[in-house]
Amino acid sequence: MTPEPAGIVVVGASLAGLRGAEALRRGGYDGPLTLVGAEPYRPYDRPPLSKHVLAGELAADATRLPELAELRARWRLGSPAVALDRAARTLRLADGSTLAYESLLIATGAEARPWPAETGGGLAGIFTLRGRDDAAALRDALVARPRQVLIVGGGLIGCEAASCLRDLGLPVTLVDPNAAPLARGLGTFVGSVIAECLRASGATFRPGATVRAFEGDASGHVARARLADGSTIETNLVIVALGATRATGWLRGAGLRADAGGVTCDAACRVLDADRVPCPDIYAAGDVARWPIPLYGNRLIAVEHWGNAVEQAAHAARNMLADPGDQRPYGHLPAFWSSQFGINIKLVGLPDGADSVAVVQGSRASRRFLAVYGRAGRSIAAVSFDQARWLPAYAEAITAGDPFPPITDATDRPRVEMAVPGFPPPHRAAEARPSAETVHV
């Protein structure tokens, strides 16, 4: 059999992988191009899964991403990469085949953090929500009208799912160890608004509560959750929304700086080896990439944001085609949006680490407001709840390092409400969280 020609291989056939491949073609690359995907599907959009697909407004197979360039690519779908041999410049797939590469773009993204099997994770009726199959299976279960849905985790996915399920008229309880939903990303001062929305929707919110285990019935279906305080919650459908780990297990033994927190890159998106030396032929982009962000003191971050996946993939592709002396640093202001409980939430910057927060437009009571976060007298982030008019101006102020709060002469500005953001303490090491910072509010 004639071996497939080497060229550029993109590992990860989702948003970052697709947009990276397109950028390579637009940048003039005309050689062999292969996209490797763990799932059997062409790249699809994930944000609709926790909203439109769960609501039944969109079929899971109707989320395919548009392909914006003629890729002329070989697609290796349904068989994930399982090992990388940097010396031989090959990677091995789960089906046993081997692919050679000249350059590699790692865009394997992240995987939902599952519930441990030893405390009930193997019971029927327990779901995670990350991929297309997850959303389709969960939608089918919701159509059966479960008598009580329990959501474990008050991050974006947990809150979006709660909002959707309440719109469907399903009984929902959301359990979160923090004092407010979205507390790790936005702090309790802002997150308390979502707590009010949860309760107003008819959902039950249990703050400061931790699930220890799930128990099943005689048929092996989940029947209840046992909490740390000894109490129980009866449920026959559970959504585990405990964040994600980076899909880096296949890189074990490859001599790269990669772990559950991501693949560490330099400013140009080149992956670092175990000695912290950039690999000239391996780049990373999207959820899996962990890189130094200059705007925040070059601390390493990994960002689960749609816009970063697109922009970083394009930037990595540009550098892959550039000369070694023309490796440009990736500059990015993190941003995300979410729709839940009838509110459009938009964020720019990184709020975590802020020592102050100020509501500078609207009010929390109205659930229409814009808040800016500050650290050591400098503006570092801003979030809007149905009040995005001023958000671009704050993005510019954050990028410029303006004082906190940076805008003081807005004509429609009310009395500023100042507060402490209320971020929870860091996770304990025993909880085995990723070793680098992950931003997934």
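**Second pocket and cysteines**

Okay, let's start with the second largest pocket: α2 (52–55), α4 (156–167) and β24 (335–340) each give its lining at least two residues. Helices here are DSSP runs of H or I, at least four residues, strands are runs of E, at least two, and both are numbered from the N terminus. A quick caveat: this is a predicted model, where local features need pLDDT of at least 70, side-chain atom pairs count only at pLDDT 80 or more, and totals for chains, interfaces and linings use all residues. Residues are numbered from 1 along each chain as its sequence is written, and side-chain values use heavy atoms, with hydrogens and water left out.

Back to the pocket (on a 1 Å grid over the protein atoms alone, an open set of points where a 1.4 Å probe fits, with protein on both sides within 12 Å along at least five of seven lines; lining residues have an atom within 4 Å of a point). α4 supplies the largest share of the lining, four residues. There are 15 lining residues, and Lys51, Ser163, Cys164, Asp167 and Ser339 are the closest to the centre. Where does the second largest pocket lie? It lies between domain 1 (7–109 + 247–321) and domain 2 (112–242), because both give residues to the lining; those bounds come from an automatic or database domain assignment.

Now, disulfides, meaning cysteine sulfur pairs within 2.5 Å: the whole structure has zero. For Cys159, the nearest cysteine sulfur, that of Cys197, is 9.4 Å away. Cys159 counts as buried, at 0% relative accessibility (buried is under 20% relative accessible area, with a 1.4 Å probe and protein chains only).

Definitions and conventions:
Buried means under 20% relative accessible area, exposed over 50%, partly exposed in between (1.4 Å probe, protein chains only).
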